[in-house]
Amino acid sequence: MAETVYLLCAVMSLFCMVLLVRGYRQQPSRLTFWSSLCFAGFAVSNGLLFVDLVIVPSVDLSLVRAIVAVVAVLTMLVGLIWETR
């Protein structure tokens, strides 16, 4: 059951990224661009979670997952700061 949740989180993050990229192509704005990059990072992080806990449980990828998630959040933070200037 948990494996399904991990996959659904990755798919939904990817879906959000795709919708944000489509929105950016229709009406470009920097915030939409940074948000799509953030959700791409979340999708990668969730994909790594699935790989870490389901496919290769003997290998600890928690540090890599955390770094990817922090980079994704920092990307969004940079976008928000840049947009307010």
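Ser-13 touches Phe-39, Phe-42, Ala-43 and Asn-46, leaving out residues up to four places away in sequence; a contact here means heavy atoms within 4.5 Å. This is a predicted model, in which local features need pLDDT of at least 70 and side-chain atom pairs count only at pLDDT 80 or more, while totals for chains, interfaces and linings use all residues. Residues are numbered from 1 along each chain as its sequence is written, and side-chain values use heavy atoms, with hydrogens and water left out. The chain has 3 helices and 0 strands.

**Overall architecture**

- From the N terminus on, the order of elements is α-α-α; helices (H or I, at least four residues) and strands (E, at least two) are DSSP runs, numbered from the N terminus.
- Taken along the principal axes, the box filled by the C-alpha atoms is roughly 45 × 25 × 15 Å.
- Among contacts in the chain with a separation of 6 or more, 61% are between residues 24 or more positions apart.

**Surface and charge**

- Of the 85 residues in the chain, 25% count as buried; buried means under 20% relative accessible area, exposed over 50%, and partly exposed in between, with a 1.4 Å probe and protein chains only.
- The accessible surface of the chain is about 5,800 Å², and carbon and sulfur atoms hold 73% of that surface. Accessible areas come from the Shrake-Rupley method with a 1.4 Å probe, and for residues only the protein chains shown count as cover.
- There are 5 positive and 4 negative side chains, and the centres of the two sets lie 18 Å apart. Lys and Arg count as positive and Asp and Glu as negative, whereas His and the chain ends are not counted; the place of a charge is NZ of Lys, CZ of Arg, CG of Asp or CD of Glu.

**Cysteines**

- The count of disulfides is 0, a disulfide being a pair of cysteine sulfur atoms within 2.5 Å.
- The sulfur of Cys-9 has its closest cysteine sulfur in Cys-16, at 11 Å, which is too far for a bond. Cys-9 is partly exposed, at a relative accessible area of 37%.
- For Cys-16, the closest cysteine sulfur belongs to Cys-38, at 10 Å, again too far for a bond. Cys-16 lies in helix α1 (residues 2-26) and is partly exposed, with a relative accessible area of 28%.
- Cys-16 and Gln-27 are 11 residues apart along the chain, and their C-alpha atoms are separated by 16 Å.

**Serines in helices α1 and α2**

- Ser-13 is located in helix α1 and counts as buried at 9% relative accessibility.
- Ser-36 belongs to helix α2 (residues 30-55) and is buried, with a relative accessible area of 6%.
- The side chain of Ser-36 reaches the backbone oxygen of Phe-33 at 2.6 Å. A polar contact is a pair of N or O atoms within 3.5 Å; within protein, one must be able to donate a hydrogen and the other to accept it, and residues adjacent in sequence count only if both atoms are side-chain atoms.
- Not counting residues up to four places away in sequence, Ser-36 touches Met-17, Leu-20 and Val-21.

- Val-21, one of the residues touched by Ser-36, is in helix α1 and counts as partly exposed at 31% relative accessibility.
- Pro-28 sits in the loop between α1 and α2 and is exposed, with a relative accessible area of 60%.
- Between Pro-28 and Ala-2, which are 26 residues apart in sequence, the C-alpha to C-alpha separation is 37 Å.

**Phe-50**

- Phe-50 lies in helix α2 and counts as buried, at 16% relative accessibility.
- Its C-alpha atom is separated by 5.7 Å from that of Tyr-6, although Phe-50 and Tyr-6 are 44 residues apart along the chain.
- Leaving aside neighbours within four places in sequence, Phe-50 is in contact with Glu-3, Tyr-6, Leu-7 and Ile-55.
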